[in-house]
Amino acid sequence: MSIRMDPKGFRRSGLMLAFLVSFSVSAFGHAFPGKHINVYVGFGAGATTDLTARALGEGLEKVLGVPIVVENKPGATAGVAAAAVARAKPDGYTLGVVSTGVITVRPHIFRAPYDPLRDFTLIAQYSHYIGALTVRGDSPIKTVDEFVAYAKAHPGLSYSSSGTYSQQQMGVELFRQCKGLEFTHLPAKGGAEANTLLLGNHVDFTAGAGQHMTYVRQGRLRNLVLLNTDQRDPSQPEVPTMKDIGCQDAPALGYIVIAPRGLPDPVYKILSDAVRKVVEGPDFQKTLVNLEIPYDYKDRAQLEKETVEHFYIYKTFLEKMGVKPE
């Protein structure tokens with residue numbers, strides 16, 4: 001038996017097939033992107049996260065051919081931006097540039113409005129945060145031993161950081177515990193503001209979060225001990241690491257690009273390829289060099305493995321510090 005389809009029926013079927021193909025192409029990302037993309041930054045303007053996010057946005061505009069709208073959403077150590085991404089539609093038009101701390105650290109401190117290990121699609125990491133216990137360049141304190149002696153004689157020294165329980169702030173707290181000191185913490189909305197507090201002599205020292213290195217090179221700030229690393233900086237070999245002085249350190253956190261969970265694989269592939277092309281390019285690499293932060297690329301598989309590991313490491317750290325989620 002044969003079935004004959006009249007021309008009208010064939011045309012209707014053809015139109016339906018074309019519609020379904022068109023819908024499928026759009027739904028699975030082949031027509032992506034078709035409009036501007038929002039990028040939420042977890043820290044304030046002028047911080048290294050902000051500056052690298054804007055450099056990334058400029059590069060993505062060239063690669064993807066659509067406007068990239070970068071918006072600062074500081075607060076809760078990048079938790080505000082992370083929550084905004086988690087709530088967004090998983091269509092590739094909302095991204096975040098945050099610290100891995102929104103996954104590995106913050107949920108152990110505050111009851112986050114997102115599931116840290118389930119609510120994000122991890123696109124890529126392009127760098128990791130560096131830290132240091134840093135004083136003003138005109139301070140008479142030249143070494144970490146001198147600092148410890150001074151801090152013991154003057155309990156309650158004040159310090160700034162990019163945020164409460166940021167990687168660098170936890171490094172300072174581990175240093176404080178290790179050396180039996182007392183400090184007063186004044187959290188800022190990002191590293192730039194933390195530097196300003198120290199440069200303005202409003203605090204005694206800061207938990208340097210990367211951008212402080214510009215001032216170190218200018219002689220306006222001085223590093224006394226490096227945080228979140230086992231390796232000394234070849235450009236300042238006299239500055240010890242926490243390991244060098246017999247103290248436990250906090251694992252380094254990364255600068256990462258995230259999207260909501262449920263991002264279609266074709267859209268993820270487009271975004272992942274575009275991000276990698278930008279961050280490996282000369283313009284972005286120059287930005288990292290100027291900010292004196294390292295290039296440290298990790299793909300989705302690496303990030304998913306590492307964030308789970310660090311999630312439990314920081315959980316143990318914070319429990320030992322007596323921290324419970326609020």
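How do the residues of the lining of the largest cavity divide into nonpolar, polar and charged? I counted nine nonpolar, eight polar and one charged. My classes: Ala, Val, Leu, Ile, Met, Phe, Trp, Tyr, Cys and Pro are nonpolar, Asp, Glu, Lys and Arg are charged, and the others, Gly among them, are polar.

**Ground rules.** This is a predicted model; local features need pLDDT of at least 70 and side-chain atom pairs count only at pLDDT 80 or more, while totals for chains, interfaces and linings use all residues. Residues are numbered from 1 along each chain as its sequence is written, and side-chain values use heavy atoms, with hydrogens and water left out.

**Confidence.** I checked pLDDT, the predictor's confidence in each residue, from 0 to 100. The chain averages 88, and 91% of the residues score at least 70. Residues 1-29 fall below 50. Beyond near neighbours in sequence, that stretch has eleven contacts in the model. A contact means heavy atoms within 4.5 Å.

**Cavities.** I searched the whole structure and found three cavities of 30 Å³ or more. A cavity here is a set of points, on a 1 Å grid over the protein atoms alone, where a 1.4 Å probe fits but cannot get out; lining residues have an atom within 4 Å of a point. Grid points are joined across faces, edges and corners, and volume is the space filled by probe spheres set on the points.

The largest cavity holds about 130 Å³. Its lining has 18 residues, and Thr77, Tyr165, Ser166, Gln167 and Leu253 lie nearest the centre. Helices α4 (101-104) and α6 (167-179) each supply at least two of the lining residues.

The second largest cavity holds about 60 Å³. Among the residues lining it are Phe43, Tyr129, Ser162 and Gln168. This lining splits into four nonpolar, six polar and no charged.

I took helices (H or I, at least four residues) and strands (E, at least two) as DSSP runs, numbered from the N terminus. Two strands pair if DSSP finds at least two bridges between them. For angles I used axes fitted as lines to C-alpha atoms, for helices over the stretch in contact; angles run from 0 to 180 degrees between N-to-C directions.

Strands β1 (37-41) and β3 (94-99) run parallel and are joined by four bridges. Asn38 has Thr94 of β3 as its bridge partner.

**Five-stranded sheet.** I found another open, mixed sheet in the order β7-β6-β8-β5-β9. The edges are β7 (183-187) and β9 (221-227), each pairing on one side only. Twist averages 30° from one strand to the next. Strand β6 (157-161) pairs with β7 in the parallel sense over five bridges. Ser158 stands opposite Thr184 in β7.

Which residues does a cis peptide bond join? I found Phe32 and Pro33, with omega about -5°. Pro33 sits in the loop between α1 (7-27) and β1. Asn201 has a positive phi of about 65° although it is not a glycine. The loop between α7 (191-199) and β8 (205-208) holds Asn201.

Terms used: On a 1 Å grid over the protein atoms alone, a cavity is a set of points where a 1.4 Å probe fits but cannot get out, and a pocket is an open set with protein on both sides within 12 Å along at least five of seven lines; lining residues have an atom within 4 Å of a point.
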